[in-house]
Each structure stands twice: as structure tokens, then as C-alpha cells.
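Thanks for asking me to take a look at this one. My notes are below, as a few numbered points to read alongside the model.

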Amino acid sequence: MSRVINFSAGPSTIPLSVLEHAKAEFTDYKGHGYSIIEISHRTKIFEEVLHSAMARVKRLYGFGENFKILFLQGGGSLQFAQVPMNLMTKTGYAEYANTGNWTNKAIKEAEILGINHRVIASSKESKFDHIPEVKFSDDADYGYICSNNTIYGTQYKTLPKCKCPLVVDSSSDLFSRPVDISSVGLFYGGIQKNGGPAGVTMVAIREDLLDRADDTSTPMILRYKTQANADSMYNTPNTFGIYMLDLMLEWIENEIGGLAKMAERNEQKTAILYEAIDASGGFYTGHARADSRSLMNISFNIASGAEVEAKFIDEASKAGMIGLKGHRVLGGIRASLYNAITAQNVKTLVEFMNEFARKNG
Ligand SMILES: Cc1ncc(COP(=O)(O)O)c(C=O)c1O
């Protein structure tokens with residue numbers, strides 16, 4: 001079997017061993033005579049999978065007893081609205097750091113909902129090429145950041161510390177490194193980049209925040225508390241997605257050795273690509289400022305222009321490397337080096353890049 005190297009920004013590549021595991025038990029789950037996708041979520045068999053995935057999330061990040069893990073639907077995009085709907089108090093205000101497309105969308109939802117909010121930091125003036133300094137007010141209802149900016153390829157090196165609850169959109173660096181959760185009130189991410197297929201959003205929420213939503217105006221389905229009380233089964237959850245997430249987290253825990261090891265691996269492989277860009281004599285130029293470079297998404301351009309970039313993407317695809325086209329708002333090339341990408345995959349890309357630069361430089 002020949003698998004391509006998939007640098008897609010999401011949904012994205014999954015370790016072959018995880019796919020093989022799912023394949024092996026797909027039609028007959030652990031000898032029960034049915035597939036995991038064919039049974040009720042209310043069975044002990046599914047609940048074991050659900051609780052295993054929840055426990056793994058807690059273990060990996062170190063979320064304590066005072067956190068609830070939820071598996072929701074609606075993607076990161078629903079969280080843009082669900083966060084203010086649940087965390088705003090009647091008289092309070094929220095603060096946002098604007099670092100690109102995904103925070104812009106979150107801010108837009110706050111505007112539509114008419115909540116009292118302000119943008120306290122932004123890197124818009126320099127085309128979101130860096131992470132600005134972020135300092136949230138002590139008494140804000142919450143401070144909102146996106147820890148990794150999938151399009152612009154920037155990432156917080158560490159999460160900001162604050163007294164107000166920190167809300168983190170970690171959709172594109174979920175399960176990729178350990179983070180300091182001491183300020184975190186709510187931590188979320190769609191799992192489709194580092195944790196399995198699309199369709200599940202992981203939300204870790206501090207229990208004391210569950211009571212903030214206004215029961216008279218927040219629909220039941222949109223209250224975190226509803227899902228927390230129902231063990232994420234108020235409505236039928238994405239059973240297959242949660243099953244795949246559990247397998248992915250098992251891979252991170254047992255094959256890789258946890259988030260610190262995952263981060264080490266990610267740092268090593270990303271360095272290979274950044275070094276190649278920096279050593280290309282200006283043929284390739286990275287978008288992100290060096291101090292804000294992402295370990296997950298590397299967005300870069302070819303100085304000679306869009307036509308040569310299109311040729312690069314086409315030739316890479318013929319050489320078995322896909323998903324390299326940059327997001328439409330930035331153009332150029334983007335290589336997403338999520339957890340399942342190996343150092344060898346990156347070396348193959350770099351060999352191709354060096355050869356391409358030699359021929360087209
Ligand atoms: C950082 C970030 N947040 C939010 C989203 C939106 O996620 P979804 O498409 O699952 O709603 C994305 C999508 O790629 C993302 O990269």
C-alpha cells in the first residue's frame with residue numbers, strides 16, 4: 001500500500017497504526033458482533049469508550065477534579081458563539097486578542113450577540129505575522145485567545161497568565177504540547193487536526209463557570225451545563241468520532257509517551273522545515289515572525305510569485321505530497337506538521353523543496 005504524505009491543515013493525517021486498529025475492529029468491535037458505530041450511545045460498551053477518552057484528556061493535560069470534559073458538535077465555529085452565550089455575566093465584559101481569521105470570527109459572534117467586549121491586542125496591522133503582547137484585565141468575564149493560528153502560522157509560546165478565566169481556542173494545536181493550565185477557564189478545540197476525524201469538539205471547562213449561563217435565555221442544547229450534567233449525551237454524540245479520539249489519545253499516551261514527548265517530536269520536525277526556509281537564500285520566505293513561529297502550521301511563499309507556487313504545489317503532489325496549498329486569505333504554501341507527521345516526512349518535503357529551488361531559483 002502506498003500512502004501519500006498529507007500536509008493538509010485539517011482534517012488531516014492520522015497515524016497508520018491508529019487507522020489499522022480501527023479497521024481491524026470496525027465490523028466486529030471486541031468480539032461483540034457489531035461495529036462501534038452500530039450501537040446505542042447508552043450502552044456500557046460505548047460509555048467505556050467515552051469515559052476512557054475523557055480520562056485521557058484529563059491525564060494528558062493535567063485537568064483536575066474541578067474540570068469537566070465535554071465532547072460536543074458544531075466545531076470550533078459553534079464555540080465562537082457558545083463561549084459568550086455561557087460565560088458572560090449581565091454586567092461584565094469580555095476581552096479578546098485578535099491574531100487572525102479565527103479570532104476575528106469569534107469577535108464577530110460577540111458583536112452579533114451584542115455582548116460587552118473589547119479587543120485588547122491585535123496583530124492585524126502586520127498581517128497577523130506575530131503574537132502581540134496580551135494582558136487581560138483582572139475583572140473581565142473572560143479573556144479569549146487562539147493559541148495557534150492555523151492560517152498565519154503563528155503560535156503562543158506559552159499561554160498568557162491572567163486572573164480572569166482564560167478561554168483558549170486550541171483547535172490547531174490540540175494535544176500537541178503540554179500547556180500551563182493555571183489560568184484556563186475553558187479550553188477547546190475541534191479534534192480534526194490532531195485528534196481524529198471531524199465532528200467532535202473537545203471542551204474542558206472549569207466547573208464553577210457552568211452556572212454562569214442565563215437559564216431564561218440560553219437554549220438548553222447550547223448550555224455547557226446541560227452537556228456536563230448529561231455526560232456529553234444530552235443529544236446523540238458523535239460516537240465514531242469519540243471512538244477515534246480515544247484511539248488517537250491512546251497513541252499519544254502509549255506510543256509517544258505523553259504531551260511533553262509529543263512536543264519534543266513536534267519541535268524537532270518543525271525545526272527541519274524552518275531551517276530549510278531560512279537557508280534558501282530568500283527563495284522561500286516564511287510568513288510568521290521568528291518569535292511567533294508555529295509548531296503546527298508553516299505558511300510560506302516563493303519570492304518569484306504565485307505561478308511558481310502553483311507549480312510547486314503541482315509537482316509536490318506528483319511526488320506524493322498533498323495538502324500544501326496555502327489558505328485562500330494568505331495564498332502561497334502551507335505545510336501543516338500535525339502530530340501524525342514524522343520527521344522523515346518533513347525531510348522528504350525539504351529534499352523536494354531544495355531540489356525545486358535549485359531548478360527554479
Ligand atoms: C484555530 C481554529 N479555530 C476554529 C476553527 C473552526 O473549526 P470548525 O471548522 O471545526 O468549526 C478552525 C478551523 O480550521 C481553526 O483552525
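Predicted model: local features only at pLDDT ≥ 70, side-chain atom pairs only at ≥ 80, totals over all residues.

1. In it, the chain holds 9 helices and 14 strands. Its radius of gyration is 21 Å, close to the 21 Å that the globule rule gives for 361 residues, so the chain is as compact as a globular protein of that length. If you like to picture a box, the C-alpha atoms fill one of roughly 65 × 55 × 30 Å along the principal axes.

2. Looking at contacts with a separation of 6 or more, 66% of them are between residues 24 or more positions apart.

3. Now to the domains. Domain 1 covers 16-256 and domain 2 covers 258-360. Taken over C-alpha atoms, their centres are 27 Å apart. Where the two meet, 23 residues of domain 1 are in contact with 26 residues of domain 2.

4. The largest share, 3 residues, comes from α6. By residue type, the side of domain 1 that touches domain 2 has 8 nonpolar, 10 polar and 5 charged residues.

5. The residues around the ligand are Gly 10, Gly 75, Gly 76, Ser 77, Trp 102, Cys 146, Thr 150, Asp 169, Ser 171, Ser 172 and Gly 190. Helix α3 (residues 75-87) gives the most to this shell, with 3 residues. The shell divides into 2 nonpolar, 8 polar and 1 charged.

6. One member of that shell, Ser 171, deserves a point of its own. Ser 171 sits in the loop between β8 (166-169) and β9 (184-190). Is Ser 171 buried or exposed? With 26 other C-beta atoms within 10 Å, Ser 171 is buried, because the cut-off for that class is 20 or more.

7. Finally, the surroundings of Ser 171. Leaving aside residues up to four places away in sequence, Ser 171 touches Gly 76, Gly 189, Gly 190 and Lys 193. Two of these contacts, Gly 76 and Gly 190, are also listed among the residues around the ligand. Ser 171 and Gly 75 are 96 residues apart along the chain, yet their C-alpha atoms are separated by 9.0 Å.

Methods:
Residues numbered from 1 in each chain as written. Domains from an automatic or database assignment. Contact = placed C-beta atoms within 7 Å. Helix = DSSP H or I, 4+ residues; strand = E, 2+ residues; numbered from the N terminus. Nonpolar A, V, L, I, M, F, W, Y, C, P; charged D, E, K, R; others polar. Rg over C-alpha atoms; globule rule 2.2 N^0.38 Å. Near = placed C-beta within 6 Å. Buried ≥ 20, exposed ≤ 12 C-beta atoms within 10 Å, placed from the backbone.
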